[in-house]
Amino acid sequence: MIWSSDLTLGIHHIDRQHERICRFADLLQLASRDRTVARLALDFMFDHMAEHFVDEEDLMNTSNYPARLEHQRLHIQGFDRFVQLRAQFLAGKVSSEQIAESFHGWVEDHILREDKKLAIFIQGSSHV
Ligand SMILES: [Fe+2]
Ligand SMILES: [Fe+2]
C-alpha cells in the first residue's frame with residue numbers, strides 16, 4: 001500500500017487528496033488482471049491528480065509560496081509522465097501494475113520533498 005501516515009503533512013484537505021490518489025493507485029495495482037477496472041482506476045486517479053494539483057497550486061499562489069513556479073513545473077512534468085504511461089497502457093505496452101509502481105516512487109518522493117516544503121512554509125506563515 002502506498003499511503004501511510006508518514007506522508008501526512010498536517011494540512012487536512014491536501015492530506016485527504018493525497019490519500020485518495022494513493023488509494024486509486026493501489027486499486028490500479030490490484031486490478032492488473034482486469035483492464036476495464038484498471039482503466040477506471042486510472043481515470044479516477046488522473047481526475048484526482050488534476051484536481052489536487054490545481055488546489056495545491058491555488059494554495060501556493062494565495063500564500064505567495066516563493067518556489068511555486070518550480071513546484072508547478074514538477075506537477076506538469078509528473079502529470080505528463082503519467083499521461084504518457086496511460087497512453088502506453090491503452091496501447092497494451094505497459095501494465096497497470098507498472099504504472100502503479102512508477103507512480104509509487106514519484107508520489108512518495110514528491111510529497112516528502114516538495115509538498116513537505118510547501119506545508120512547512122504554510123504552517124510557518126499561518127496561511128491555513
Ligand atoms: Fe505538489
Ligand atoms: Fe501534492
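## L42 and its neighbours

In this predicted model, L42 touches L28, R86, F89, S96 and I99, leaving aside residues up to four places away in sequence. L42 also belongs to the largest nonpolar core, which has 17 residues.

## The nonpolar core

Which residues touch the most other members of the largest nonpolar core? They are I21, A25, L28, L42 and M45.

In soluble globular proteins, nonpolar side chains tend to be buried together.

## α2 against α4

Helix α2 spans residues 35–62, and helix α4 spans residues 96–124. Their axes come within 13 Å and cross at roughly 15°. Angles under 35 degrees count as roughly parallel, so α2 and α4 are roughly parallel to each other. Their crossing is left-handed.

From α2, the contact uses A38, L42, L59 and M60. From α4, it uses S96, I99, L118 and I122. By class, that gives seven nonpolar residues, one polar and no charged.

## α1 against α4

The axes of α1 and α4 lie 8 Å apart, and the two helices pack at an angle of about 160°. Angles over 145 degrees count as roughly antiparallel, so α1 is roughly antiparallel to α4. This crossing, too, is left-handed.

On the α1 side, the contact residues are I14, H18, I21, C22, A25, L28 and Q29. On the α4 side, they include S96, I99, F103, V107 and D115. By class, the contact of α1 with α4 has 10 nonpolar, four polar and two charged residues.

Conventions: Residues numbered from 1 in each chain as written. Chains lettered and ligands numbered in written order. Predicted model: local features only at pLDDT ≥ 70, side-chain atom pairs only at ≥ 80, totals over all residues. Axes fitted to C-alpha atoms, helices over the stretch in contact; angles between N-to-C directions. Helix = DSSP H or I, 4+ residues; strand = E, 2+ residues; numbered from the N terminus. Parallel < 35°, antiparallel > 145°, perpendicular 65-115°, else oblique. Left-handed = near helix turned anticlockwise from the far one by under 90°. Contact = placed C-beta atoms within 7 Å. Nonpolar A, V, L, I, M, F, W, Y, C, P; charged D, E, K, R; others polar. Core = buried A, V, L, I, M, F, W, Y, C linked by C-beta atoms within 7 Å. Buried ≥ 20, exposed ≤ 12 C-beta atoms within 10 Å, placed from the backbone.
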